[in-house]
Amino acid sequence: MLLQMGGVRSALSLLAVRRACCLSRAAHTSPQTHEYKPIKKVMVANRGEIAIRVFRACTELGIRTVAVYSEQDTGQMHRQKADEAYLIGRGLPPVAAYLHIPDIIKVAKENDVDAIHPGYGFLSERSDFAQACMDAGVRFIGPAPEVVRKMGDKVEARAIAIRAGVPVVPGTDAPISCLQEAQEFSNTYGFPIIFKAAYGGGGRGMRVVRGYEVSQHLCSRDRRSSAFTAHFQVGYENAGTVEFLVDKHGKHYFIEVNSRLQVEHTVTEEITDVDLVHAQVRICEGRSLPELGLKQDKIRINGYAIQCRVTTEDPARGFQPDTGRLEVFRSGEGMGIRLDSASAFQGALISPHYDSLLVKVIASGKDLPAASAKMSRALAEFRVRGVKTNIPFLQNVLSNDQFLYGTVDTQFIDENPDLFNLRPVQNRAQKLLHYLGHVMVNGPTTPIPVKAKPSSIDPVIPQVPLGKPPVGFRDVLLREGPEGFARAVRAHPGLLLMDTTMRDAHQSLLATRVRTHDLKHIAPFVAHNFSNLFSVENWGGATFDVAMRFLSECPWRRLQELRSLIPNVPFQMLLRGANAVGYTNYPDNAVYKFCEVAKENGMDIFRVFDSLNYLPNMVLGMEAAGAAGGVVEAAISYTGDVSDPMRQKYSLDYYLKLADELVKAGTHILSIKDMAGLLKPASSRLLIGALRDRFPDIPIHVHTHDTAGAGVAAMLACAEAGADIVDVAVDSMAGMTSQPSMGALVACTKGTKYNTGISLEKVFDYSEYWEVTRGLYAPFDCTATMKSGNADVYENEIPGGQYTNLHFQAHSMGLGNKFKEVKKAYTEANKLLGDLIKVTPSSKIVGDLAQFMVQNSLTRAEVEERADELSFPLSVVEFLQGHVGIPHGGFPEPFRSKVLKSLPRVEGRPGASLPPMDFTSLENQLRVAHGDDITPEDVMSAAMYPKVFTEFKEFSNKFGPVDCLNTRLFLDGPKIAEEFEVELERGKTLHIKALALGDLNKAGQREVFFELNGQLRSVLVRDTVAMKEMHFHPKALKDVRGQIGVKQGQQVEKGQPLCVLSAMKMETVVNSPIAGTVAKVYVSADSTLEGDDLILEITE
């Protein structure tokens, strides 16, 4: 009798059930009654891992092997491991093929098979199959048919155990036939009780009942083994397993007998050094146990063994089987590890029709901790991509102290919910291959304004010295705080510069598309050579949502990485007052929280503005930035011309009064934000001179755009009038709708009292990097359609970034030759709205109205006359309602009343009436939707842009860290035969080569081939163009509830069972997530489904 030591396997590992694996021949049977007849050819009436296991044993014994396979299993490994393989069950369902006894016997007879091994599952415990083998003159490697029948009948097996004096748990002596019998039993023994089918299997026939109310759930499938022995005088021959329950006192109770080789037989083999399959075959040939050297007193248990069944089951979804293609398969190996695999190899298709087993991993060691350590190491080495597996769950079990001390029981999983705290699998390399393949097949994932390719030339990164960068103004800020920092800026003798290259410059010239990848390369150079900059503007404004929306990268990660690379220069961001970095109103606490998190991640200076200069919105942003500990830079948005006495709405007095209010509100720095580049030298001297006289101790910072070409002259005039800081961009990213040239300002002030202290030679190196880098963004470069700036900006007052966007839009709509009309319409739209301050979002409102006028060929007079009948853009209507704030001078009447009619109006600050945002609730929602890997930064991204953040997380989950790719690869993908490297993190670099692009298959996919770190990899990519012409089963949307299965029109309640999904022995009951009506059913009984297939839709 052989003992089997317990170990963990597959998803559920409840070790309170003990199994004894037995090899026996009845005691009354003498060796003479069994003639030795050698076996020359063995068929395995099974598939997968167990078939391969038997084939290997037979090959070692010199026996020829025969495989059978279904039509669905033509690609399975077991048919390749046998000497011969034959199709069975043609035209039958997948499982039915392996249950079709006539076909199996026919193949055996036609091919001179001596014996059939049933494996486990399928026909292994069918007495009629054993009998059919005997009737056909083919030996059955297992017990006699009558024994199989007795052991398969759970009631009869229990009666045999009782007669043999083996303890059993209380139960009925025969199958019950009515509810009354069940009630009588429960009255005697109490609850809970288990209903078990007399001919059940794998736990599918068991139901737990805890009371008289209908309250049932599936009992966990038995996947556990431990030591015990049992022997029945029933004429039992060959291998079998006796199962017992063991209580806390060590007492054992019989459950059942499995008259076949057990799934966990490998554990017995490892600790006893006995090949059970060899023994099965030899016994079938007529050998006795003594002849095989298998006497009980000679069986020795050596150490411990654990078996883990690595399956394609998802623990996060109730161990629901997953299907698909194995894109990557790499197993764990090494000393003390045995692998018994099924069809686990790269490219294998995981079928929904059969057991989800990939490979059985068996670890051996001198004791349980040693075996567990080997198993943990082996599982950590596994790389399975393309389908979900239970490996994370198994790893949690192996690290659980209760398991390691061997004290688990049947409540182990229920009492350890942390087993389901699954570490997410990174799968970064394969996800990146999916992204690259997607771009190769379908083109860029981000919208491309013009048909231009990224440059093939890579920028040369200037060298930087080793060691820490020099001390900069940030050291002053950290040492003396915002107030001391402001004093130091005001006391600085020369002109200070803020570099906008990393934000507003590329927002104006390159549609905000510059990626963190290229910013990081040049960041160390900036830290070492421009330490005397006032600040670097690198965050906020449009860059926040564009990072997620179009670049598929986290804006917070950009801030964190740049902060680590530039520790000495202050960072500056653009904060839209009460709108934070969004385009809508937020609760006040959301703005405060955003500033707090931004400061914690390295932001220093908050330039706070409002698109209408609406003071209540500005003050909220200032207070939020100040409360976070940041430097508050209140920015007055500039429009008009203070030097023109004919333009009095935005006069010098207007700006001075507004500045008074901002200084009273506690700003550390006063800023003029000239977003359209309207400041001329004369108006610069007038405005800045007046501000300097009014506020001699407050630093003054001036921002402008160079659309008209007068930016350098205007900034020099500002410096002469008393400005402390002006904004510039590096030369190759300056001019036109961007900021004035850094090199020009540095050169013009050199040798004067306004000297910037910046090396002109270093500016040249900096500019050279950006000149080549800019070529990578050719598809977004404004110079594709706009060849120069234009002084007509003094008339139309279009902000720099918007000027570029409108130019792109006009050309993309075929209106390039009518851009002059668009600009004229912009001027008229501005007058219609009452002559606004124009900066995001107010500039967009004017632009929307201008495009509306051009598209409908409307003049200003016609719009005013027909205002009560026209359907205006939503942004215009919401502005007139007061959602953006109150413009200087009020809303235009009667235009406003005509447009709004009876629509409601917002009184006062738009966000003041919004209830506080519940960040805890939002975080919980995000964890449910995206997993536990949610950071405070993620919460703020979702608070600002809920939909954009969700799409970003879904993209990242599908395609991985695309921010690791260089910009050419990100936008255009690799060329065939191109070799390149991708650094995932420090010390982890992928070496990739694009090999080939396959033809379109029937599923609308193309296979894209790569070489990754010297190994062949391939991914299947859906061709989005081809897919439009092909029909597929609809897929369920993850974020839409009410898409799950009953009759169309039927009313269902929340939690009501709808259907049962079955994959081999795994059954999943699908319950309704909502109450409602079944709108449409997409499946029928016995439908074959793939992952994410839609079953039905429910409407609330």
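At which residue does UniProt place the feature "active site"?

A: At R260, according to an unreviewed UniProt entry. UniProt positions follow the numbering used here, feature names are shortened, and annotations may be inferred rather than shown by experiment.

Some ground rules. This is a predicted model: local features need pLDDT of at least 70, side-chain atom pairs count only at pLDDT 80 or more, and totals for chains, interfaces and linings use all residues. Residues are numbered from 1 along each chain as its sequence is written, and side-chain values use heavy atoms, with hydrogens and water left out.

R260 sits in the loop between β11 and α9 (265–272). Helices (H or I, at least four residues) and strands (E, at least two) are DSSP runs, numbered from the N terminus. R260 counts as buried because its relative accessibility is 10%. Buried means under 20% relative accessible area, exposed over 50%, and partly exposed in between (1.4 Å probe, protein chains only).

What does R260 touch, beyond residues up to four places away in sequence? The list is G119, Y120, G121, S124, E125, Y236, A239, G240 and T241. Contact means heavy atoms within 4.5 Å. With E125 there is also a side-chain polar contact of 2.9 Å. A polar contact is a pair of N or O atoms within 3.5 Å; within protein, one must be able to donate a hydrogen and the other to accept it, and residues adjacent in sequence count only if both atoms are side-chain atoms.

F122 deserves a check. Its phi is near 45°, a positive value in a residue other than glycine. F122 lies in the loop between β5 (115–117) and α5 (127–135).

β11 leads on to helix α7 (residues 154–163). The buried residues of α7 pack against β11 (252–258), and also against α6 (145–152) and β7 (193–196). Those buried residues are K154, A157, R158, I160 and A161. They lie on the same side of α7, because they cover an arc of only 160° around the axis. The arc is that of the directions from the helix axis to the C-beta atoms. An α-helix has 3.6 residues a turn, so residues three or four places apart point the same way. Just after α7, G165 takes a positive phi of about 80°.

Now the nonpolar cores. A nonpolar core is a set of buried Ala, Val, Leu, Ile, Met, Phe, Trp, Tyr and Cys residues joined through side-chain atoms within 4.5 Å. The largest has 185 residues, and F594, L691, Y766, F872 and M944 have the most contacts inside it. Helix α15 (residues 428–442) gives the most to this core, with 8 residues. Another core, of 32 residues, lies apart from it and includes V310 and I350. F594 is in contact with W539, F544, W556, M573, L575, V581, M940 and M944, leaving aside its neighbours within four places in sequence.

Next, strand β22 (residues 535–540). It is largely enclosed by the rest of the structure, because 6 of its 6 residues are buried. Strand β21 (residues 496–499) joins β22 in parallel through 2 bridges. Two strands pair if DSSP finds at least two bridges between them. D499 stands opposite V536 in β22. β22 also pairs in the parallel sense with strand β23 (residues 571–575), over 4 bridges. There, G540 faces L574 in β23.

Another arginine to inspect is R968, in helix α38 (residues 967–972). R968 counts as buried because its relative accessibility is 13%. A polar atom of its side chain lies 3.1 Å from the backbone oxygen of S456. Its contacts beyond four places in sequence include P454, S455, I457, D458 and L776.

Cis peptide bonds join T840 to P841, with omega about 10°, and E893 to P894, with omega near 5°. P841 is in the loop between α30 (819–832) and α31 (842–855). P894 is in the loop between α33 (874–881) and α34 (895–900).

Last, the hairpins. Strands β29 (residues 979–985) and β30 (residues 988–1000) run antiparallel, joined by 6 bridges. Between them sit 2 residues, and G987 takes a positive phi near 90°. β30 also pairs with strand β31 (residues 1005–1012) in the antiparallel sense over 6 bridges.
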